Amino acid sequence: MLLIRCPHCGERPEVEFRHGGEAHVARPEDPSSLDDAAWAEFLYMRANPKGWHFERWRHEHGCGRFFNAVRHTVSDRIVLTYRSGEKRPDLAAIPGTERP
Amino acid sequence: MSEAFRTASGGRIDRARPLSFRFDGRRMTGRAGDTLASALLANGVHLVGRSFKYHRPRGILAAGAEEPNALVGVDRGPGRYAPNLRATQVELHEGLSAESQNRFPSLRLDVAALADLAAPLIPAGFYYKTFMWPASWWAKLYEPRIRAAAGLGRAPSGSDPDRYAQRHAHCETLVVGAGPAGIAAALDAAARGGRVILCDEQAEPGGSLLAETRATIDGRRAADWLAWALGELAANPRVTILPRTTAFGYFAQNFVALAERVTDHLAAPDPNLPRERLWQVRAREVVLATGAIERPLVFPENDRPGIMLADAARTYLARYGVKPGCRALVFAAHDDAHGAALELAAAGMEIAMVVDLRATADGELPRRVREAGIAVRTGATVTGTRGRLRVHEAHVGSVDADGSVRGVEPVSCDTLLMSGGWTPSVHLHSQSRGRLAWREEIQAFVPDGTPQACRSVGACAGAFGLQAALGLRHRVEGDPARGGGFAGAVPHDRSPGRARAFVDFQNDVTAKDLGLALREGFRSIEHVKRYTTNGMATDQGKTSNINALAIVAAASGRKVPEVGLTTFRQPYTPVTFGTLAGMSRGQLFDPVRTTPIHGWAEAAGAVFEDVGQWKRAHHFPRPGEDMHAAVARECRAVRASAGIFDASTLGKIEVVGRDAAEFLERIYVNAFRRLEPGRCRYGILLNEAGFVIDDGVIGRMAADAFHVTTTTGGAARVLAMMEDYLQTEWPGLEAWLTSTTEQWATIAVQGPRARAILAPLVEGIDVSREAFPHMAVREGRVAGARARLFRVSFTGELGFEVNVPASEGRATWEAIWEQARRHDAVAYGTEAMHVLRAEKGYIIVGQETDGTVVPDDLGLGWAIGKAKRDFVGRRSLSRPDIVAPDRRQLVGLLTRDGRTLLEEGAQVVAMPDPPPGTAALGHVTSSYRSEAAGRPIALALVAGGRARKGEVLHVPMPGGAIAVEVVDPVFHDPKGSRLDG
C-alpha cells in the first residue's frame, strides 16, 4: 500500500485516496466554440506514459480535497504532490525524477 | 520403546516435559520444544505422506519452512481443521492430533499408489494430451474424475470459529529473520535508538544458532551468546521481538505483511486470544536476514523416506536430540554435508560412507571426516536407491571425466543425507522488486540491489558462515570455512527413460519431465514451469527452483542466468484466509446501511433487497401472499387510495452559498437561476460525454440553498463529481456541498388519498391544491417533527415526500401509518415503486440508461435549459452521433398476446426469425405485470423508436420469438390528470 502525501493533511495510506485521472486537463472555457474534433480531444484523449505522470488524486476519506501528484507509472514512486490550481511544475526541476 | 531415536542428552528440548500426541491415530510421545517432525523422527517415523501425483511414500526431507513432503492435517476440533501444514513447523503440544494426507485407505497401503506403476504413461502434460477427445467427455467425465483425484489435503468443513486480529505498526528497522545475521542487525539498529521489530517464523529466535554446537561468539558458546543477545533486545522497550511470525509479503514503500501464529502451539489457548494476527508494518529500513535453504541432489529415487537434507539431519540431532537413523550414507556436493557426518558420527550414528560428487574434497571438514576414520569417496555419485517405505540401500559409482558412471556398488543404509549446497532465500528481496545476480561458485542467485530501503545480510545475501553473518563487531571462533555447491541433475548410469530423479518433490516433477518439456519446444522457464508444474506446489519450489533451472540450462545449452528465474510471489509460506480477512467477515464483511424505518418494516414482515449497502423493503407480503400477489395488491392500493413508501435511501446533498444556483445551473441540464424558492425541478445530470448518469428532484429552499436528491446508488458518485467541478474547474464559485443522505428520513405518500392522510399531521403548511401545487416544497412540521415537505410524484398519483430529521423518522412514519390505515392505504416496497413508475414511463437511471443514453433518447429533452450557454455535457449533445435519427429511443412494448411477460435485457428485432448476425434494434429495459393496464407492460430502447409506434417487432427467445407492438411509454393516465388527486 502506497503512502501518499496529501498537501493539506500530510502522509496517509493509499486506501484514503481515490485516483482522479490526468492532471492539468482544463475544461474549455467555452465548449460551444470547439469543433467536434477539438471537443473529442478534450473528452477522450489522455496521456498514458510509461514514466512520470502528472495526475489528480482526491483525499476522499480525509479532507475531501483534490490535489495533483507526480507519480512514476512503473515504480509507483510519487516525488511531489501539490494543491490543485497550482501551476504545473517543470519535471526536470523536481528532485528525485532523475531515476524511476 | 518410545522415542527410540532420542539421544541421551543435548538439544534444546525440555526432556522433563513429555507430551503425548497422535499421528494417524497412533499415540506417541515427544518433548516440549519438539516439532511434529522431530517428535516423529524421535519415534523412528519417517514415512509421513504420499506424493501428489504418483502417491509415492515420502518422508521428512527438511527441518524448516521449505519442507515439501511432510504435509499434515492438524485437527483442533470442529471447524478447526488445518490442512497442508508442514510437520517441520507444527509445534508439538499435549494432545496434538495430526494426520497424513493423500492416501487411502492408509499411509502404508495406499491404493492410488498404482499411479506409480503407471508412471511411464503419465509424463508431464499427460492431462493436456490425453483428455482431448471426445470434447463432450471433458465436462462430464474427465474433469470431475481429475478433480476428484487432484488436490492436496481436505478443506475444513463448517465455518471457522476462531478470531483473527490485525495490527498496523511502524518502525525504523524491520529485521526479518532472527538468525545470527538478523540478531546482529537488530542489535545494531537498537543501538542507534530507533524502533526495531525483529520477526522470525520459528517458535524460538536464533535460526542456525539453535543448532550451533562447535563455534563460539565473543568467547561464549553460541547458545549462551544467543541468550545474551536476546536478553539485550528484550530489555530494550523500543524493540519488539515477534516469534512464530512469518514475513510473507513485501510491498511498495517498505510495507511488509507479517503473519503471527498466536495460539496454534498451545494445548489450551486463552479464549481471549486471536488465533493469528496480521501485522502490517511500515518500516523506514528493512533488513532481510532470511538465511538460505539447503539444496537436494537430483539422483534417481532420491525421494524415499529416510532420504534427507544433510544439515536438516544435523539440526534434528543438535536442536532436538534426535538421530535420524542408524546407518547413514552421506551424498555431498558441499562441505557442510561432511560437517553433518562428523556430528552424527560423534552422536553414535554409523556413517557408511561420504560420497562426494566433487573431484576433490580437501577442506577442513572433509579432512576431519577422513581423520575420524570415515570413508570418503570423491568423484562419485549415487545412481539409485531401494526400499519401499524406507530407503535400505543406495548404489554408488564413480563419475568419469566424460560424465559416465562405472564401478557401481550397493551400500546398505537406512538414512541417506544429501547436500547440494545452499540457496539464499531471496524471496522477499525479489518481492521488493530487487534484482538478482548469479554467482557461479555457489551455484545460486544473490540480491543485487533493490529500489526500496532494504538490504539483505548473511546467508540470504550469499555471505555464508557465522562470521559473515555476525559482521566484524563480533568475534567468531571454531567455525571452519566451507565451500561447494551443485545444481542440476547428477550423472547416473540408469536408463534415461525409466530413472526418476525428483526435482520438485511436492508436485512429483522429475528431471525427465523437464527434459520432455524442452524437447516439446518449451523454451521460456515460465512456460516450462507451468507445463511441468515445477515450483507450483504449496512450497513454491523452495527446494526445487535452482535445480530445475540448472537442468533446463544444461539441456538447452544455456547458462543459468540466460534461462532466468521465475517470479517469487507472496506469500512466502501459505497464510490462512482468516489472517487476511481479520475482522472483515460475517456482519463486518461489508457495512450494512438501514434506514430509520427499517425496524418497522422488519416488524411488518417486509422482504428486503440489497441496493448497494442498503437494505430496502422490497414488498410487504400478507399471510398466504407470494411476491406477485403482494406487489399487485400494493400497486392497486396506491392507485385506489394511497401507499406510503420509505424513500430514505435517496441520496441527498445540501448545496448552499451565494453561487449555489449558478453552480447547479452549470452541473445539471436544467435551469436553476430562475427557480423560485419553494419550487422544485426534476434535475438530470450528464457526464461531459452527454450521457445521463443521475437524476433526482431538486428543491430551492432559499435564494442560496438547495435540497438536491440523487439516486440511491449514485449519491456518493454525484457528490464526488460535484466536488471535482467545484474544486478544480470553478474554484471561484462560492458554494458548499454537504451530504445529508443519512440526516433526513424520507417518506413518500402517494395516491388519491395522500392529502387526506397527511393533512391532519401537517403544521405550518397549507397543503391545499391551490396553495401547494405539484413540484412545490415547503418547510413546516409533520407529526410534530421539523419537515421539508415536497409535492412530487413518482407514481403518477397525487404525491408528497416528507423529509424529517433521521431521529424522527420512525415516529413520523408511524404517525403517517396511523392515518394511512384509516384510508385503506398500504405500505409499499421497491418492487411496487418500480411497477408504478414504469406504468407512467418514468425512467430509472441504470435501468433505462446504460451510460450511452442522452436525455432526448428518453424523451426528456424538455428538461434541458434551452437558454443556457453551457452545462456539463452540453457540447456533446450536438455531436453527430448524438443527433443521429436512428438512435435508440425509449418506447413502450405490449406483447401481442396480452399475456406474455418479456424478459428484461431481451433483444428486439424486426423479424420473427432473424438469421444469425442480425443486429438488434434495441432491448427491453423494464418489464412488469401491470394491474393498472391489466396486462404485462415493458419499456424498451429501440432504434428510431418514437417513429415506430404501431409497428410490430419481435423479441426472440429460446422458445420462439414473441411479437410485440411499439406503443407510447406512458401506460397509465397519459394526460397526467391524477397528479392533483
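Predicted model: local features only at pLDDT ≥ 70, side-chain atom pairs only at ≥ 80, totals over all residues.

Residues are numbered from 1 along each chain as its sequence is written, while chains are lettered from A and ligands numbered from 1 in the order in which they are written.

**Stop 1: chain A.** You'll find 1 helix and 6 strands, in the order β-β-β-α-β-β-β along the sequence. Helices (H or I, at least four residues) and strands (E, at least two) are DSSP runs, numbered from the N terminus. The C-alpha trace spans about 40 × 30 × 20 Å along its principal axes. Of its 100 residues, 16% count as buried, meaning that 20 or more other C-beta atoms, placed from the backbone, lie within 10 Å of a residue's own.

**Stop 2: where the chains touch.** Now show both chains. The contact takes 17 residues from chain A and 19 residues from chain B; two residues are in contact if their C-beta atoms, placed from the backbone, lie within 7 Å. On the chain A side, the largest share, 3 residues, comes from helix H1 (residues 36–44) of chain A.

**Stop 3: chain B.** Select chain B and zoom out. Its C-alpha atoms fill a box of roughly 115 × 70 × 55 Å along the principal axes. There are 23 helices and 51 strands to explore, and 50% of the 981 residues count as buried.

Colour chain B by domain next: domain 1 (14–131), domain 2 (164–289 + 424–477), domain 3 (295–421), domain 4 (487–569), domain 5 (644–837) and domain 6 (885–981). These bounds come from an automatic or database domain assignment.

**Stop 4: a helix pair.** Select residues 335–346 of chain B for helix H8 and 364–371 for helix H9. How do they pack? The angle is about 35 degrees, with the axes 8 Å apart. Axes are lines fitted to C-alpha atoms, for helices over the stretch in contact, and angles run from 0 to 180 degrees between N-to-C directions.

Finally, show the side chains: B:Asp335, B:His338, B:Gly339, B:Ala341 and B:Leu342 in H8(B) meet B:Leu365, B:Pro366, B:Arg368 and B:Val369 in H9(B).

Key. Buried ≥ 20, exposed ≤ 12 C-beta atoms within 10 Å, placed from the backbone.
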